[in-house]
Every structure is written in structure tokens, then in C-alpha cells.
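Here's a quick briefing to read with the model open beside you. Take it topic by topic, and find each residue on screen as you go.

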Amino acid sequence: MKNKLLLLLVVAYAMLFTMSAYAQKSLPTISITTSTPLNPRQKVAAHMKTIGYDGPIGIKLRGNSSLSFNQKKYTIETRDADGKELDVSLLGLPAHSDWVLLAPYNDVSMLRDPLAFQLWRDMGHWGPRTLMCELELDGEYRGIYILTEAIKRGKDRVDISKLKKSDISGRELTGGYLLRIDTFDEDDATFTSKVPGIGEGNMSSEVIWSCIYPKKKKLQPEQLTYIQNYIDTVEQVIQSEYFADPAKGYAQYIDVPSFVDYFIHTELSLNADGYKRSAYFYKEKQKEDGTGGKLFAGPVWDYNLAYGNANFANANNLEAWCFEGASNNPTPAMWQRLLQDPVFRKAVKVRYLKLRKNVLSTKSINAYIDSQVKLLVEAKDRHFQKYPELLVSEERKQQLAEQQKQMGGFPFGGGFPFDMVGMFAAYRVSSYQEEITILKKWIADRLAFLDKNIARFDSDWLPRIQPLVEKKLQFPLGGFPGGFPGGFQHK
């Protein structure tokens, strides 16, 4: 009897262990049912069901070049029964109404965005929290997605003051504002930088800023004038002869530690869009004693073309710098100018060396990657069955590499004709494990490059300076990659 009882206990324990292991490997499922075709311009009513939520949403397609991918990105808005925005906690994330379902289609690792956001949070800033999930849309399996907090103002998001329509003078006018350098459309309140952007081969030097909070329909003329004048002041002071003066230079206008961290974060990633697309900033409200009210760099966003995953904008050159600009879109010149200040460079060095002991240690980064790989161990096979084009045979990989070599790495298609996966890709892989191995090695090699160079930041290292040249000609498609200035949606 005792033996039978013991056997039953062993079996029960084994079943519980198996169920627990399965639960850890399985990802939550989000099911969305639509009744209207989706579009990239306007949210349509739909219904979403997942753990802890079963209710109405608004949903639209998201992206620019990614709109042509087999796996689409989506913007989600949780709503009440009357169709109004409703703050909801999804899968344990802090309650809000605005969400994004990121599709890691052209990032075979599926980890680059989550990794970038996690590093930014670990550096002490708010960054979008993420959860891996699987999506079913109208009953069809759509693969692994990244449920992500949208960059919005809020207590649990970008925690800046709420601006009312009546806040048009005095201290109330000084904050908060949420800004972005990116593609834009007619729904965005925009202004053009008075300082030309840099980059070799760019057809235009125009850097366009958007004020995304308050939204254009609520933004008052006085508020737009104020924040435009503030940005103009920041950029022009940084370019002035007295820019490094501690009393009247750039440090009076920007939060230097956040700019230091943003520089380190961007340069580690070697993001093809670094500084010039999906670049966010926010301005806090001035305090009653007259202090504060500075411009902060961040949060970070859109890193699927980072960490060695792109074949343009020098993103596959381990010894390149993002701040130097590239040939796709103009890079704000303030970054190269800041690096001309020995005090700023010293701050970068001190901060980088500190981060390398923990947040940016190879051990810490690899541990995060390994933890996420374990979460995907069961779901990734379904994902690659849904999108078999993501992995190629060894023979096909060699063919594509040869085509790329023959075409000189031409970015439109990257040497992979009619291959949407390879349009921006620096390489192709035959297995998921190969991708993870490449990602880890790339990060280790990039850190080694930064170790070598940032160690010289307070001695003999100086940035390569590009002159500021005004170029009026517009990009025919709003930059590459990127879509239309008055066209598609933001990333």
C-alpha cells in the first residue's frame, strides 16, 4: 500500500513538474477578431481576448517599410463598451489604453527590441516593458509577437506633467512635452531644425521634429511656439562657440546624464536608424524654484535593425559610429558637437566603465538573451513554420551571400532580389541557434570596439567632424528606409 502511495506521489509530482515546465515554455496567446479590414491610417473596432482581458479594442496597421512584410505590426487601443479609451492591465503590465504588437519579422532572434528596452530600463530610465506572446488574428495563427507599452505620457510611462489647453504662459507652459525625430504625417505637429543634419550622400539635411504630446489637435499655438523655440535654443547653443561653458552652455538646457546614456545605448546597438529615426525626447516642467525644465534624451524605440542586423547606414561595420551619420537620413549634428566637449566625453567614459561592470557586462547581456531564448523554445517552431522564409538552407545562404557580394551590398534588397526578409539584412541564417550565436558574438565584438575607443575619450580621441551644409532637396520617399513625409504610419 505504501509503495503504491509512493508511486502515485511520484507520478503526481512528475505531472506537476511537466505542467510547470510546459507553462514556463508556453507563451500567452492574444486572439483578435476584426469585422473591418485593417489599415495604417485609422483604428477600426475589433475584439481582443487574452489572459485577464476579454473586450473591445481599436486596431490599425503600423510601420513604414514593414507594411510590406508578411508579418504585420499593430497599434492597439483598449476600449470600453462605448468605444472610449480604457486603461487596462494586459498580461500583468501597468494599466494603460495604448499598446503595440511588434512583429519581429526581420529580426530572426526576435530579441533585439526587448533587449534594447531592457538595457535602457536597467540603465535607470523608463523604457517600454515587453512580453512575448503568440497572436491569432481572425482565427489564423500569426506567429510570435512582442506585446509592448506604447511611448505615451503617464504615471507608469513617460512621467511628465499633463499639459492643459489653458497652460499657455509662465511655468505651466514649460512642460511636459514629448518629442520625436521620425517620419510624420498631417496629424503631427512638426517643425524643422534650424541646424542642418549631417551625413554623407544625404539628399537633404532637414531634421524634422514632431511634438507628439500634447497631440496636434490639443496643442495650443503658444505651446508649439514655446517648445519649438526651446529646441531651437538647445541646438543653436550646442553649435555655438560657448557651447561647453558650464554657466551658459548646453548643460543649462539638457539633462546631460540622459544624453550620455542615450549615446552609449545607441552606439552599442549601432542602430541603422540611430539618432535620426524613432528618436524620442521629453521636456519636464520647470520647478517652482526655477530649476529643472530640461530636455531629456529617450525613451528608446525601434531596434529591429540594430545589433548587426542591417546592411545599410554602416550598421554592419563594427568599427562605425552612429553619431557620424550615414547616407540614409540626416543625423542631428548636436551629437558630434557634444563629443567635441572633453567634459561630455569624460562623462561618457566614466558612465560606460561603470555600466560595463553590470548592465553592459557580456555576462549580464548573455544571461538576458538566454532567458528569453528559453521562453521561446516551444513557440519558435510554430513561428518558423508560419514564416519558413525566415530561415534558409546552407546552400541558399551561400547563394544569397554571393549575390550580395556581386551587387556590392546595394541596400535596396541587400543583394537578395525579391526577398523581403533580406531587404535590409546583413546576413541570413539556417537555424535559430545560429542567429543567437551570431547576435552574442556581434555584441561581444561591438563592446570590445567601444572598450578600446571610449577608454581614450579623455585623452587623444576626437570625433570625426562633418561640416554643416544646408541641403534643400527633399528625399523622394522621406528617407530610406522610411516611407512618405506625409504618408505612412510611424514605427
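In which helix is the place of Ala116? It's helix α2, and we'll come back to that helix in a moment. Keep in mind that you're looking at a predicted model. The protein chain has 491 residues, and 55% of them count as buried. Its secondary structure comes to 10 helices and 12 strands. If you take the contacts with a separation of 6 or more, residues 24 or more positions apart account for 71% of them.

- Is Ala116 buried or exposed? Ala116 counts as buried, because its relative accessibility is 0%, and the cut-off for buried is under 20%.
- Leaving out residues up to four places away in sequence, Ala116 touches His265, Val300, Tyr303 and Tyr307.
- Ala116 and Gly127 sit 11 residues apart in sequence, and their C-alpha atoms are 8.9 Å apart in space.
- Why can we call α2 largely enclosed by the rest of the structure? Because 9 of its 11 residues are buried.
- The buried residues of α2 include Arg112, Asp113, Phe117, Gln118 and Trp120.
- After α2 comes Gly124, which has a positive phi near 105°.

**The nonpolar cores**

- Here's some background: in soluble globular proteins, nonpolar side chains tend to be buried together.
- In this model, the largest nonpolar core has 108 residues. Phe259, Phe263, Phe281, Tyr307 and Trp335 are the ones with the most contacts inside this core.
- Which helix gives this core its largest share? That's helix α10 (residues 432–454), with 9 residues.
- Apart from this core lies another one, made of 24 residues, among them Tyr53, Ile59, Ile76 and Val88.
- Now back to Tyr307, again skipping residues up to four places away in sequence: its contacts include Arg112, Leu115, Ala116 and Leu119. Tyr307 also touches His265, Leu268 and Ser269, plus Leu439, Trp442 and Ile443.

**Where α6 meets α10**

- As a rule, two packed helices are described by the angle between their axes and the distance between the axes.
- For helix α6 (residues 342–355) and α10, the axes come within 10 Å and cross at roughly 135°. That makes α6 oblique to α10.
- Is this crossing of α6 and α10 left-handed or right-handed? It's left-handed.
- On the α6 side, the residues that meet α10 are Val348, Lys349 and Tyr352. On the α10 side, look for Leu447, Leu450, Asp451 and Ile454.
- Sorted by class, this contact of α6 with α10 has 5 nonpolar and 2 charged residues, with no polar ones.

**Tyr105, a buried loop residue**

- Tyr105 lies in the loop between β5 (98–102) and α2 (112–122).
- Tyr105 is buried, because its relative accessible area is 1%.
- How far apart are the C-alpha atoms of Tyr105 and Tyr387? They're separated by 8.4 Å, though the two residues are 282 residues apart along the chain.
- Not counting residues up to four places away in sequence, Tyr105 touches Phe69, Asn70, Gln71, Tyr387, Glu389, Leu390 and Val421.

**Backbone features to look for**

- First, a general point: most residues other than glycine have a negative phi, and most peptide bonds are trans.
- The peptide bond from Gly175 to Gly176 is cis, with omega near 0°. You'll find Gly176 in the loop between β7 (140–149) and β8 (177–181).
- Another cis peptide bond runs from Tyr213 to Pro214, with omega near -5°. Pro214 is in the loop between β10 (208–213) and α3 (221–238).
- Ser278 isn't a glycine, yet it has a positive phi of about 50°. Ser278 is in the loop between α4 (256–269) and β11 (279–283), and it counts as buried at 1% relative accessibility.
- Ala313 isn't a glycine either, and its phi is positive too, at about 55°. Look for Ala313 in the loop between β12 (295–297) and α5 (334–338). With a relative accessibility of 16%, Ala313 counts as buried.

Definitions and conventions. Residues are numbered from 1 along each chain as its sequence is written. This is a predicted model: local features need pLDDT of at least 70, side-chain atom pairs count only at pLDDT 80 or more; totals for chains, interfaces and linings use all residues. Side-chain values use heavy atoms; hydrogens and water are left out. A nonpolar core is a set of buried Ala, Val, Leu, Ile, Met, Phe, Trp, Tyr and Cys residues joined through side-chain atoms within 4.5 Å. Buried means under 20% relative accessible area, exposed over 50%, partly exposed in between (1.4 Å probe, protein chains only). Helices (H or I, at least four residues) and strands (E, at least two) are DSSP runs, numbered from the N terminus. Contact means heavy atoms within 4.5 Å. Axes are lines fitted to C-alpha atoms, for helices over the stretch in contact, and angles run from 0 to 180 degrees between N-to-C directions. Angles under 35 degrees count as roughly parallel, over 145 as roughly antiparallel, 65 to 115 as roughly perpendicular and the rest as oblique. A crossing is left-handed if the near helix is turned anticlockwise from the far one by less than a right angle, and right-handed if clockwise. Ala, Val, Leu, Ile, Met, Phe, Trp, Tyr, Cys and Pro count as nonpolar, Asp, Glu, Lys and Arg as charged, and the others, Gly among them, as polar.
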